[in-house]
Each structure stands twice: as C-alpha cells, then as structure tokens.
Amino acid sequence: MTALSKHGGGSRLAPATSLVLAVLLTACQPGPPVPPPSSESPASPSTSAAVPSGPAGSAPAAPTTAPAAPTAPAAVHFTAQGDIGLGTGAREVLDTISSLRPELSLALGDFSYEAGREHEFCDMVTGKLGGDFPYQVVTGNHESDGHDGDIANIVGCLPNRLPGLQGEYGIQWYADYPERAPLVRFIMVSPGIRFHDGNTLDYSRGSERWRWTAAALDGARSRKIPWTVVGMHTPCLSVGKYECQAGRDFTNLLIDKKADLVLTGHDHNYQRTHQLGRGQGCPALVPDTFSGGCLTDSDSAMVKGSGTVFATVGTGGVGLYEVNDQDPEAPYFAAWSGKNRDAALGTLDVTATADRLSARFVPAAGYTFTDSFEIGRK
Ligand SMILES: [Fe+2]
C-alpha cells in the first residue's frame, strides 16, 4: 500500500502497470472480493453470481472467439442447517459454512430465538458469510408467530438473493439454481407451525398449499431439473423429541412426488433416513411405526427415483436435544447424533451434479461426528 500511495492516482504509469496496481488496489480493499476484469462478455447481473466461472487457471478465450452460449455448471454446492441462535455455537457453525465456501446456504428456521434481536442475527450472518451471500431462509416456529422474533424482520435484513424465486420468501417459495440450466429446484414450505393468527398454514390434502407444493415438484420434473430439495422447519419422522409435526399426508405427498431430499430442523440434533418410498410393501408411511416395505434403499449409495431421503439438521448452533435409539422409527434412520450420542453442531454440505447428489455432515470445530450419503442416477 505504501507504493500505491506514493504513486497517487498512477496517471503517469504505463497501462500495464496501472492494471497491475488496480488489481493490487482492489485486493487491498476491505469488504467482499470484486471479480477480476474478464475479457468475456459478462453474464446478466442477476445470474452471474449463480454460475461458477471455469476451472481456476484456465486460459482466457482468444479475443476473436465469439461469446460462448451459457453452459450448465458442473456442480451446485450448498449447505443447510437450522436452529441457530446468537451464541458461540452459531458462530462456530457459520465459520464452518464459510470455510466450505458454498454458493448458497439453506437456513431452516429458528434464528435469533429472541424478539428484537433479528438484526443482530442478520449482522452475525453477513459478518461471517458476506453481505451478498445467498443465505436463503424459511421460518421456524420461534419467529413464525412473532413471539421470539419475526420472520418479516429476518426477511428484511437477509433478503432473497436467488433470481427467479417464486412464492413468498421466508414462508413458501421455490427457486431453480442456477437460474439458467438449473441443477436443483429448492422448495421451501412451512407446515406444522403457528403464525400470527395462532393457526398453522393449511397444507392438508388438496389445499392450496398442498397443490402449490405438488406443482413445484411436478414442475421440476417437467423442466427436467435433475434434483429436488425440499426444506421446511418441522420434520415428520424423528428419533428425537418431536412427533410428526409436518403432517403424515404432506410427508407422503413429498414421497409420492419423489422429492430427492427433504431437509428440516426443529429437533436440535442430526438425523438422516435411508431412502423411503411407497409401493406394494408400503401403502403409506405411517409415523410412530416401522414398515420394512417403505425402505427402498438402505445403503449409503442410493439410486435416484427410488425414494426420498429425509435429513434433520437442527445443529446450527443452539443447545442440542437427545436422540433415542429405541424410537419405533429408528430403523428408518441411517445415522443420528444428539446431545447424548456423538453430539455435534455442524452443517449438511451438499454437492449436486447432473448425475449425482452427494451430501455429508460437516461438524463444527471441536466435534467429530460425521455422516455421508450419495444419490446417483442409474
Ligand atoms: Fe429450534
């Protein structure tokens, strides 16, 4: 920086030197990194952040080459977690997310756990991940009715960053990512939690929200988007504290529509099922019981379309709950961790390519539990 200030504006420098200094100056600025100048035509501002550039170190295109048509990115990389809070654990998990360098993170509800501190929560997130980072929220029960914070305030200070998003951000929305040539449709919904009027939203069979969810899953299929990831605060199956708050019928809808991965929070632990599906041996998934016919694939390398994997990732920072090995639903689960067993805060780290969805639980610093699974095309 000393050399730069000595040269002032650099107006008398040769162009090549000016360019080097400009890059150095940019690198010295505080705040989010600025992309280097490119010889290629810029993508539209709304999608440029969503489309990764080519491999590091690849040669720039020759000046005479016509601009290439947009190509599908090789992979989409995101994290997901809920139940965060404002404590040390929340900061440690955000550090973990930051170190993974995902393109976006799904925040599955329960943020500040205290009214009036929503902005503090947002500042914590943006301080760790950057002001423009897509930290994509859906409400938890602590802020849906306003009594421990208000989802409207969270949406105000952590607004949507995904272009083309449909629906009501923070409550019920979907977005295809990247917007052009998408690999994943993210669908976020809010069954089983109370809102300001004291009532839950209606996700009952045939309701408007039921049909919206079904259409979002069908739409991904008809657009040939490789993967569907559903996120919501409340789980159905659980070896933790809660019953099927997401609703039995609604959970069966997600299975019937072949959602690939369903992510939840609410239970402050990590729990991940095998692939579950309906068929002759499983007329319906029934909470609080186990039916072997609903297990469509029970190793860690699963086949797309055979069923749905459910993962609760309520490990975003707040105090953990226990898990119960003797829960009747336990045989549906491939992995779990909680306060009383392999306790770990952390995040689910997911990479999706056209052919493969790979996920692993990444523990925050000081924890050791992990889990991994893959869903591949036949
Ligand atoms: Fe929670």
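Predicted model: local features only at pLDDT ≥ 70, side-chain atom pairs only at ≥ 80, totals over all residues.
**Entry 1: strand E9**

I started with E9 and found four bridges joining it to strand E13 (residues 333-337), the two running antiparallel. Strands here (E, at least two residues) and helices (H or I, at least four) are DSSP runs, numbered from the N terminus. I count two strands as paired if DSSP finds at least two bridges between them. Residue numbers start from 1 along each chain as its sequence is written.

Which residue of E13 is the bridge partner of glutamine 271? I looked it up, and the partner is tryptophan 336.

E9 also runs antiparallel to strand E12 (residues 308-313), with five bridges joining them. There I noted arginine 272 with alanine 311 as its bridge partner. Strand E10 (residues 295-297) pairs with E9 as well, antiparallel over two bridges. Glutamine 275 has aspartate 297 in E10 as its bridge partner.

I then checked burial for E9, residues 270-276: seven of the seven residues are buried, so the strand is largely enclosed by the rest of the structure. My cut-offs, with C-beta atoms placed from the backbone: buried means 20 or more other C-beta atoms within 10 Å of the residue's own, exposed means 12 or fewer, and partly exposed is in between.

**Entry 2: the whole chain**

The protein chain has nine helices and 16 strands. Of its 378 residues, 43% are buried. For contacts with a separation of 6 or more, I get 70% from residues 24 or more positions apart. A contact here means that two C-beta atoms, placed from the backbone, lie within 7 Å.

**Entry 3: the seven-stranded sheet**

In what order do the strands of the open sheet run? I read E3-E2-E1-E14-E15-E16-E11, seven strands with mixed pairing. At the edges sit strand E3 (135-137) and strand E11 (301-303), each pairing on one side only. Neighbouring strands in this sheet are turned by 20 degrees against each other on average, direction ignored. For angles and axes, I use lines fitted to C-alpha atoms (for helices, over the stretch in contact), and angles run from 0 to 180 degrees between N-to-C directions.

I zoomed in on one pair: strand E15 (residues 356-363) and strand E16 (residues 371-376) are antiparallel and share six bridges. Serine 372 in E16 is the bridge partner of arginine 360.

H4 lies across strand E1 (76-81), strand E2 (104-107), strand E14 (346-352) and E15, and runs at about 20 degrees to E14.

I then looked at H4 (residues 88-100) with H5 (residues 118-129): their axes come within 9 Å and cross at roughly 30 degrees. Is the crossing left-handed or right-handed? I have H4 passing H5 in a right-handed crossing. The convention: with the near helix turned from the far one by less than a right angle, anticlockwise is left-handed and clockwise is right-handed.

On the H4 side, Ala90, Arg91, Leu94, Asp95, Ile97 and Ser98 make the contact, meeting Met124, Val125, Lys128 and Leu129 of H5. I sorted the residues of this contact into six nonpolar, one polar and three charged. For that, Ala, Val, Leu, Ile, Met, Phe, Trp, Tyr, Cys and Pro count as nonpolar, Asp, Glu, Lys and Arg as charged, and the others, Gly among them, as polar.

Alanine 354 is in the loop between E14 and E15. It has 16 C-beta neighbours inside 10 Å, so I log alanine 354 as partly exposed. Leaving out residues up to four places away in sequence, alanine 354 touches Leu183 and Pro226.

Reminder for the next items: most residues other than glycine have a negative phi, and most peptide bonds are trans.

I found a cis peptide bond from tyrosine 177 to proline 178, with omega near -15 degrees. Proline 178 lies in the loop between strand E5 (172-177) and strand E6 (184-188). Alanine 181 is in the loop between E5 and E6 too. Phi of alanine 181 is positive, about 55 degrees, although the residue is not a glycine. With 15 other C-beta atoms within 10 Å, alanine 181 is partly exposed.

Last one: lysine 258 has a positive phi near 60 degrees. I located lysine 258 in the loop between helix H9 (248-256) and strand E8 (261-264). Lysine 258 counts as partly exposed, because I get 17 C-beta neighbours inside 10 Å.
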